[in-house]
Amino acid sequence: MTAYTLLALYSAIIILVSLLGGWLPSKIKLTHTGTQVMMSFVAGLMLGIAFYHLLPHAIFTLPEEGGVDTAVWWLMIGLLFMFVLLRTFHFHNHGPQDDDHHGPDHSHHSATPISWVGVALGLAVHTLIDGVALGAAIQTGVMGDAPLGLLGLGVFVAIALHKPLDAMSITSLMMAGGWNARSRFIVSVLFSIMCPLGALLFFIGMEQFDAGTSVVGIALAFSAGVFICVSLNDLLPEVQFHSHDRAMLTVALLAGIITAYGIGLLGPEHAHQNHDAHSHTHSQGHSQAHH
C-alpha cells in the first residue's frame with residue numbers, strides 16, 4: 001500500500017465521519033453526558049498521540065544534533081499558534097445547544113444568524129493543521145518502513161473521533177441561526193474536505209520542494225503542540241466546566257490515553273529506535289567514507 005493509497009483511505013473515512021457529525025444534530029438529540037464522555041476520551045487520546053507518537057517521532061526524525069531542542073521549539077510554536085487561534089475564534093461549542101443542565105448564562109455562543117461563521121473559519125484552519133499532522137505521520141511511517149504506515153493510524157483515529165464533534169458544533173449553530181438543510185450540508189461538505197486537503201498539500205509540498213526528513217520532524221513537533229493545546233485548552237476545560245460526573249470523565253480521559261499508547265504497540269517493536277539506529281549507522285558510514 002502506497003502513502004497516497006493510505007491517505008485516500010483515511011481521507012474517505014474522515015470525510016464520512018465529519019458529514020455524519022454535521023448531520024446528527026438535525027436527527028438525534030445527543031445527551032449531555034454522552035457528549036462530555038466522548039470529549040474527555042478524545043482529549044486523552046489527543047494527549048497520548050502527542051506525547052507517545054508525534055513528539056518522539058519528531059525527535060527521532062530530526063538530525064541527531066539539536067533534534068530535541070528543535071522539536072521542543074516547534075512544539076511550543078504549534079501550541080501557541082493553536083492557542084491564539086482558539087482565543088481569536090473562541091469556538092468552545094461541542095455540546096448540545098439547548099442543554100438542560102445549564103441556563104442561558106452558561107452558553108458559549110449566542111444563536112445569531114452569523115455566529116457559526118467564526119466557528120467554521122477557526123475550525124477550518126484547525127482541521128487543515130490536523131491534515132498536516134496526518135500527512136507528516138504517514139510520511140514518517142513510510143520512511144520508517146512501518147507496515148501500512150501504522151504511525152499514521154494513531155493520528156488518524158484521533159482526528160476521526162474529533163472531527164464529528166467539530167462538524168456538530170458548526171451545524172448546531174447554523175440550526176440555531178435558522179439556516180436551512182441545504183446550506184448546512186454545503187458547509188458540512190466543505191468542512192469535511194479540509195483535513196484531507198491539508199494532508200494532500202503536505203504531500204505535494206514534500207515532493208515539489210524535495211523536502212527532507214527535517215521538514216517531517218518539524219511538522220510532527222508542531223502538530224504535537226497543536227494536539228496538546230486542543231486537548232488542554234479546548235476539550236478539557238469544557239468537560240471541567242460542564243461536568244456532573246467527574247469520575248466517569250476521568251476514566252474516559254485515562255481510557256483515551258491508554259488507547260493512544262496501545263495504538264503504538266500495533267507498530268513494529270521499537271520502530272523509532274530502529275529508525276534512529278539506522279540513521280546513526282548511516283551517518284557513521286558517511287563519516288568514515290569521508291575520511
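I take helices as DSSP runs of H or I with at least four residues, numbered from the N terminus. The model is predicted, so I kept in mind that local features need pLDDT of at least 70 and side-chain atom pairs count only at pLDDT 80 or more, while totals for chains, interfaces and linings use all residues. Residues are numbered from 1 along each chain as its sequence is written, and side-chain values use heavy atoms, with hydrogens and water left out.

**Cavity**

I looked for cavities (sets of points on a 1 Å grid over the protein atoms alone where a 1.4 Å probe fits but cannot get out). I found 1 of 30 Å³ or more. The largest cavity holds about 30 Å³, counted as the space filled by probe spheres set on the points.

Which residues line the largest cavity? I listed Ala167, Ile170, Thr171, Val187, Ser188 and Phe191, taking lining residues as those with an atom within 4 Å of a point. Helices α5 (151-176) and α6 (181-192) each give at least two residues to this lining. By class, I noted 4 nonpolar, 2 polar and no charged residues there.

**Cores**

Next I turned to nonpolar cores: buried Ala, Val, Leu, Ile, Met, Phe, Trp, Tyr and Cys residues joined through side-chain atoms within 4.5 Å, where buried means under 20% relative accessible area (1.4 Å probe, protein chains only). The largest core has 57 residues, and Ile49, Met82, Leu134, Ile138, Val155 and Phe227 touch the most other members. Helix α8 brings the largest share of this core, 13 residues. Apart from this core I found another, of 7 residues, including Ala167 and Phe191.

Note on methods
1 Å grid on protein atoms, 1.4 Å probe; cavity = no way out; pocket = protein on both sides within 12 Å on 5 of 7 lines; lining within 4 Å. Nonpolar A, V, L, I, M, F, W, Y, C, P; charged D, E, K, R; others polar. Buried < 20%, exposed > 50% of the residue type's maximum accessible area, 1.4 Å probe, protein only.
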